[in-house]
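This briefing is intended to be read alongside the sequence and the coordinates. Please keep both in view while going through the points.

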Amino acid sequence: MAKEALKEEAKDVSSAREVESDTFKCPGCGNFLKYDPETGKLRCDYCGGTRDVPTPKPPMEIYYTSLSEQGVSSWGEVKCIQCPVCGAKTMLEKYQTVTVCPFCGAPNVVESDEVPGLKPNAVLPFLVSEPKAHESLKKWMGKKFLAPTDLKKTAKTSKMNGVYVPSWTFDSNVYATYDARLGKTYTVTVGSGKNRRTETRVRWYNVSGSINSYFDDVLINASSRMTQKQLTKIGGFDTKNSIQYEEEYLSGYSAERYAQGLDASWEVAKEYMVDSVRSQVRNRYPDADRVDYIHVYPVFNETKYKYVLGPIWTSSYRYKGKDYGFVVNGRNGRTAGKAPLSPIKTFFFSLFCAGVAGLLIWMIYILFFS
Ligand SMILES: [Zn+2]
Ligand SMILES: [Zn+2]
């Protein structure tokens with residue numbers, strides 16, 4: 001009896017899911033709809049049919065506990081694929097297929113046994129469309145100072161891939177007690193006659209106290225395909241504007257599975273917070289000009305997290321037989337990547353630098369030694 005009931009329930013769930021994925025089909029022609037950054041709707045590439053996405057809601061921040069990561073909730077029907085070349089793990093809805101890795105373009109991606117892991121609870125939908133991302137890329141190429149002049153015209157860009165990359169945000173109310181040994185320097189005159197001289201000495205003293213500090217949306221990159229440096233270069237993500245995760249925003253895109261889990265990311269966030277508290281302690285004693293140590297004993301209260309997906313356009317472009325990777329921020333269009341160096345420009349630039357250095361040395365010589 002109980003078994004029967006379970007079966008019934010399973011049936012219900014599967015039919016509910018089918019209905020759900022049907023919502024991504026075009027009402028006009030039955031093709032799959034894609035999330036369109038220009039209109040903020042699901043749109044059909046073939047007939048132009050559209051469908052609204054759910055009204056955006058603010059994302060729920062979830063209380064973090066040491067058990068959070070084990071509470072792996074189901075994403076629904078998602079599968080995890082892995083690239084044999086760059087190792088990127090990409091999450092796809094069951095109806096999505098990819099033939100090449102969205103990050104490096106390598107073929108032969110394989111389905112991985114990895115569980116999808118935690119489900120995102122926040123998303124920053126694409127604001128920049130693929131044509132706009134191309135424009136940003138061209139502009140960026142034009143600004144590359146040492147790149148060949150024909151780069152913008154001759155570089156061949158392959159199709160861009162819209163990918164959501166994972167990051168975590170943490171909020172925490174940190175109460176910390178501290179003790180520290182600080183010092184103040186002073187000078188004394190010692191000796192007499194020819195031996196009379198000033199010496200610098202340090203008066204050491206101990207301080208202790210407590211500090212309260214609230215942290216909001218500390219952003220930790222969880223992608224293996226994008227470094228924190230690249231994320232900074234493209235201006236980070238405006239996580240304050242993130243909205244509750246809905247499958248619709250992923251329609252037509254893929255999402256990278258987090259490479260750095262929740263617990264490991266919380267450790268990184270804690271380190272950041274403790275460093276920040278330590279410098280707040282330091283700033284309480286502006287008179288001190290030496291620090292022996294500052295010990296901080298933090299308690300983290302009301303810690304909450306969000307698992308946010310942020311949008312990027314990524315691909316590579318070909319110039320004179322070589323490929324150069326790049327990423328474009330899907331929120332603000334800022335671009336980062338590798339660019340070829342023009343041998344002629346680099347030669348003259350080095351010559352110019354050498355010239356400036358030479359001129360400086362000559363001026364120093366004239367000013368101080370002649
Ligand atoms: Zn259609
Ligand atoms: Zn790859």
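The model is predicted. The protein is divided into domain 1, comprising 2-186 and 190-339, and domain 2, comprising 343-370. There are 16 salt bridges in the structure, and the largest nonpolar core has 64 residues.

**Domain arrangement**

- Between the C-alpha centres of domain 1 and domain 2 the separation is 43 Å.

**Salt bridges between distant parts of the chain**

- Lys34 and Asp45 form a salt bridge through their side chains, with an N to O distance of 3.1 Å. This pair links distant parts of the chain, 11 residues apart: Lys34 belongs to strand E1 (residues 33-36), whereas Asp45 sits in the loop between strand E2 (41-44) and strand E3 (50-51). Lys34 counts as partly exposed, at 35% relative accessibility.
- A salt bridge also joins the side chains of Lys57 and Glu246, at 3.7 Å from N to O. The two residues are 189 residues apart, with Lys57 in the loop between E3 and strand E4 (62-63) and Glu246 in the loop between strand E12 (243-244) and strand E13 (254-256). Lys57 is partly exposed, with a relative accessible area of 40%; Glu246 has 19% relative accessibility and therefore counts as buried, the cut-off being under 20%.
- Arg181 pairs with Asp292 in a salt bridge whose closest N and O atoms are 3.1 Å apart. Because Arg181 lies in strand E10 (residues 161-190) and Asp292 in strand E14 (residues 290-319), the bridge ties together parts that are 111 residues apart in sequence. Arg181 is partly exposed, with a relative accessible area of 27%, and Asp292 is likewise partly exposed, with 40%.
- One network, built from salt bridges that share partners, joins Glu61, Asp216, Asp217, Lys240 and Lys306.

**A buried glutamate without a salt bridge**

- Glu256 is found in strand E13. Glu256 is buried yet has no salt bridge.
- The side chain of Glu256 instead has polar partners: it makes a polar contact with the side chain of Ser223 at 2.6 Å, and it reaches the backbone nitrogen of Ser224 at 2.9 Å.
- Residues touched by Glu256, leaving aside those up to four places away in sequence, include Lys89, Met91, Phe103, Tyr164, Val165, Arg225 and Tyr307.

- In soluble globular proteins, nonpolar side chains tend to be buried together.
- Within the largest nonpolar core, the residues with the most contacts are Tyr164, Trp168, Phe170, Val277, Leu309, Trp313 and Tyr317. A second, separate core has 21 residues, among them Val163, Met226, Leu231 and Ile234.
- Val165 is located in strand E10 and counts as buried, at 1% relative accessibility.
- Val165 and Leu309 are 144 residues apart in sequence, while their C-alpha atoms are 5.5 Å apart in space.
- Not counting residues up to four places away in sequence, Val165 touches Phe103, Ser223, Met226, Phe237, Glu256, Val308, Leu309, Gly310 and Ile312.

Technical notes. Residues are numbered from 1 along each chain as its sequence is written. Chains are lettered from A and ligands numbered from 1 in the order in which they are written. This is a predicted model: local features need pLDDT of at least 70, side-chain atom pairs count only at pLDDT 80 or more; totals for chains, interfaces and linings use all residues. Side-chain values use heavy atoms; hydrogens and water are left out. A salt bridge is a side-chain nitrogen of Lys or Arg within 4 Å of a carboxyl oxygen of Asp or Glu. Helices (H or I, at least four residues) and strands (E, at least two) are DSSP runs, numbered from the N terminus. Buried means under 20% relative accessible area, exposed over 50%, partly exposed in between (1.4 Å probe, protein chains only). Domain bounds come from an automatic or database domain assignment. Lys and Arg count as positive and Asp and Glu as negative; His and the chain ends are not counted. A polar contact is a pair of N or O atoms within 3.5 Å; within protein, one must be able to donate a hydrogen and the other to accept it, and residues adjacent in sequence count only if both atoms are side-chain atoms. Contact means heavy atoms within 4.5 Å. A nonpolar core is a set of buried Ala, Val, Leu, Ile, Met, Phe, Trp, Tyr and Cys residues joined through side-chain atoms within 4.5 Å.
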